[in-house]
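Open the model in your viewer and keep the sequence panel at hand. The tour goes from one selection to the next and says what is there.

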Amino acid sequence: MFESLGFENLTPRGASVILGLLIGLAFGILAEGTRFCLRRGLVGPKAERTPALALWAVALATALIGTQAAVALGWIGFESHRLLTPDLPWAAILFGGLAFGAGMVLTRGCASRLTVLTGTGNLRALTVLVVFAIAAHATMKGLLAPLRTTLGSLTLPMGDAISLGVLPGGPLLVTGLLAVVALAYAASARLGIKQVIAGVAIGALVPLAWVGTGLVLFDEFDPIGMESLSFTLPLSETLFWAIASSSVAASFGIGLFGGSVAGAALSSLATRRFKWQSFGSPAETGRYLLGGALMGVGGVLAGGCTLGAGLAGVPTLSVSALLALAAIALGARLADRALQGRDAQPAFG
């Protein structure tokens, strides 16, 4: 479709960077204003858990409906996407999900939340993201790659059953049921209208990105990957691009990360929430660095973060994405329980 848009001096990859910047800008503004974070809904202060999880549920329902509507219209398809690979790498997903969940408790935020916090002046978050990116890149192509290949070799043949769309009733019925469950939970939390609108807006960014990269910018002579909201691969790509930009082209993920930081910065400056923050002690520094490393390794093994495998992955109806999200949630709960048992003070704020 891209070749029909009439751009003469812009390639599909170049256009995808702009698309990533715009979607990231919107996500950064919305996520900063609502404190959008799955970790907060799972293990945050008790008074904040239900509304935080309800906001996430609204976004997920919107992403589900929008993504599967685009599939039904024939705009995009996930038949060859990595999340729907017939052989389920169960060991890598479980190990990675547990590691990622534990890591986001140690760092008090998942990759997307830390990206947003970086834009608000949080130097702890920025430091963790650097460690995250190094660990992720090492797991994909470096010293930790043998761990990825070893765990990835342990698979379960799923065939077409890798997608929930093969269940009775087909993908639209499954999508409807999942969306109803998510919205029912959100309704029980009685979110304010502004929160609901924000959740819908965040969720809508998922199909917008899928359609943007998979349909609007599709060019058979210069193809790019179909992508949506995710921060594991984009963080690794951003680190590598920052070091060698003269030999590495920018991508949608790099634009997404940059736009998210910029959006969060604009939102926090406009509302006077911008504040420089750093580590308070060596022990805190060590904990955050460990958490960042766990998330980097875990995000690669699990196939994504709470956004890549969760908010954007589940709408593909992938069993892999659902398993990764469940493992991340379990890892967070186990880590939270361990930290609470070690000392009397909660490990989050």
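Start by selecting helix α6 (residues 123-141) and helix α12 (residues 282-302), whose axes come within 7 Å and cross at roughly 40°. This is a predicted model. Angles under 35 degrees would count as roughly parallel and 65 to 115 as roughly perpendicular, so α6 and α12 are oblique to each other. The crossing of α6 past α12 is right-handed.

Now show the side chains where the two helices touch. On α6, select R124, T127, V128, V131, F132, A135, A136, T139 and M140. Their counterparts in the contact on α12 are E284, Y288, L289, G292, A293, M295, G296, V297, V300 and L301.

Next, select helix α9, residues 193-216. From first C-alpha to last, this helix of 24 residues reaches 32 Å, close to the 34 Å expected at 1.5 Å a residue. Colour its buried residues, among them A198, G199, I202, G203, P207, W210 and T213. Which helices do the buried residues of α9 pack against? Display α1 (12-34), α3, α11 (252-270) and α13 (306-311) to see them.

H81 is in the loop between α3 (46-72) and β1 (87-88). Is H81 buried or exposed? Its relative accessibility is 16%; buried means under 20%, so H81 counts as buried.

A polar atom of the H81 side chain lies 3.1 Å from the backbone nitrogen of L83.

How values were computed
Residues numbered from 1 in each chain as written. Predicted model: local features only at pLDDT ≥ 70, side-chain atom pairs only at ≥ 80, totals over all residues. Heavy atoms only, no water. Helix = DSSP H or I, 4+ residues; strand = E, 2+ residues; numbered from the N terminus. Buried < 20%, exposed > 50% of the residue type's maximum accessible area, 1.4 Å probe, protein only. Polar contact = N/O pair within 3.5 Å; in protein donor to acceptor, adjacent residues only side chain to side chain. Expected span 1.5 Å × (residues − 1). Contact = heavy atoms within 4.5 Å. Axes fitted to C-alpha atoms, helices over the stretch in contact; angles between N-to-C directions. Parallel < 35°, antiparallel > 145°, perpendicular 65-115°, else oblique. Left-handed = near helix turned anticlockwise from the far one by under 90°.
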